[in-house]
Amino acid sequence: MKYDMKKDQEQPTEWVMTFLRWFCPDHLLEEIEGDLVQKFRREVRTLGETKARRRLLYNTVRFFRPGIILRNKLTFNTITMNLIRNYLIIAFRSFNRQRSYTLLNVVGLSLGMAASLLIIQYVKYERSFDRFHSRAEDIYRIQYNGWKNGELNFESAVAVPAAASALKNNFPEVEAYTRLLPTSGVITYEKPGTEPISFREERVHFADTSLFKVFDFELIHGDASTCLKGINKVIVSESTAAKYFVDEDPIGKRLVDHGEDLSLEVTGVFRDVPENSHIRFDMLISYETINALTDNQSETSWGWYDFYSFVLLR
């Protein structure tokens with residue numbers, strides 16, 4: 001078979017053609033490639049192969065520009081664009097002819113959307129209550145209900161203090177429990193050489209040491225396992241600590257509870273309770289303190305139902 005050198009010389013450079021096919025849109029490729037090949041072969045005969053190949057590369061690179069590269073990516077359907085333009089023209093003409101009616105529609109739509117967004121945010125917030133606890137699905141509150149003649153007489157969110165410990169002792173499904181007894185009163189911090197700082201505190205609770213086992217309230221200073229152990233211990237929220245102690249380290253300081261006539265040692269600081277928690281408190285006093293004040297009735301009573309009691313199931 002005889003080798004045709006002339007035919008081989010008129011074949012365009014393969015990698016240049018591959019480059020062209022890579023960036024050129026399909027609907028333009030055939031026309032552009034045909035023109036380049038035709039011009040290349042003509043220049044091979046008139047200018048020589050080497051110069052013709054250089055000019056082929058140059059002419060190919062000239063097509064490597066946004067107008068060619070992006071044409072297949074940014075091409076808009078002409079009919080669609082015309083429709084959109086016509087819709088806009090009709091909308092503006094309608095607005096000019098019926099301005100009051102159009103304004104009423106726009107205002108109504110805006111108010112409806114705003115109301116819908118507010119309702120969505122409200123529902124989302126309400127459904128988020130107590131969901132920040134990692135084991136929220138396993139936490140249950142003990143409720144105290146009163147029945148009379150076979151009918152429900154009343155329901156109460158508080159229960160007797162002995163119920164929680166009885167559940168823990170008799171049902172292996174109960175992993176832990178905790179109790180909260182609300183109280184209030186005037187709290188004072190007395191620093192030598194300065195005027196006493198006093199506030200009336202309404203969100204104070206006596207709390208079990210197991211509070212941090214059941215709930216995920218964040219203790220930022222102190223030891224969660226020991227801060228509520230012992231008599232006359234108290235932990236305070238971050239904002240409460242700033243209110244009484246300003247820039248001082250609150251750990252080890254003493255607060256006087258005038259309501260219960262107690263001198264309380266600060267053993268911890270917890271992060272402020274989130275707004276979406278149904279349990280709200282600024283101070284927690286150790287449960288052993290109320291046990292000492294009530295001769296342990298706050299531990300064993302089956303008739304004193306002022307305690308918020310919670311159990312954590314396995």
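**Close-up 1. Helix α2 passes helix α3 in a right-handed crossing.** A crossing is called right-handed if the near helix is turned clockwise from the far one by less than a right angle, and left-handed if anticlockwise. This is a predicted model, where local features need pLDDT of at least 70 and side-chain atom pairs count only at pLDDT 80 or more, while totals for chains, interfaces and linings use all residues. Residues are numbered from 1 along each chain as its sequence is written, and side-chain values use heavy atoms, with hydrogens and water left out. Helices here are DSSP runs of H or I with at least four residues, strands are runs of E with at least two, and both are numbered from the N terminus.

The axes of α2 (residues 14-23) and α3 (residues 26-47) come within 10 Å and cross at roughly 155°. That makes the two helices roughly antiparallel, a label for angles over 145 degrees. The axes are lines fitted to C-alpha atoms over the stretch in contact, and angles run from 0 to 180 degrees between N-to-C directions.

**Close-up 2. Here's who meets whom between α2 and α3.** From α2 come M17, L20 and R21; from α3 come L29, I32, E33, L36 and V37. Contact means heavy atoms within 4.5 Å. Sort these residues and you get 6 nonpolar, no polar and 2 charged.

**Close-up 3. Six phenylalanines, F132, F215, F217, F270, F281 and F310, form one aromatic cluster.** Rings of Phe, Tyr and Trp (its six-membered ring) pair if their centres lie within 6.5 Å; planes under 30 degrees apart are stacked, over 60 edge-to-face, and the rest tilted. F215 and F217 make a tilted pair, with ring centres 5.5 Å apart and planes at 45°. Both are buried, meaning under 20% relative accessible area (1.4 Å probe, protein chains only).

F270 and F281 go edge-to-face, at 5.3 Å centre to centre with 65° between the planes. F270 sits in strand β9 (residues 262-270) and F281 in the loop between β9 and β10 (283-286), 11 residues apart. F270 counts as buried at 1% relative accessibility, and F281 does too at 2%.

**Close-up 4. I142 sits in strand β1 (residues 139-142).** At 14% relative accessibility, I142 counts as buried. I142 and F310 are 168 residues apart in sequence, yet their C-alpha atoms are 5.9 Å apart in space. Leaving aside neighbours within four places in sequence, I142 is in contact with A157, A159, A163, A164, L167, S309 and V311.

Key. Angles under 35 degrees count as roughly parallel, over 145 as roughly antiparallel, 65 to 115 as roughly perpendicular and the rest as oblique. Ala, Val, Leu, Ile, Met, Phe, Trp, Tyr, Cys and Pro count as nonpolar, Asp, Glu, Lys and Arg as charged, and the others, Gly among them, as polar. Buried means under 20% relative accessible area, exposed over 50%, partly exposed in between (1.4 Å probe, protein chains only).
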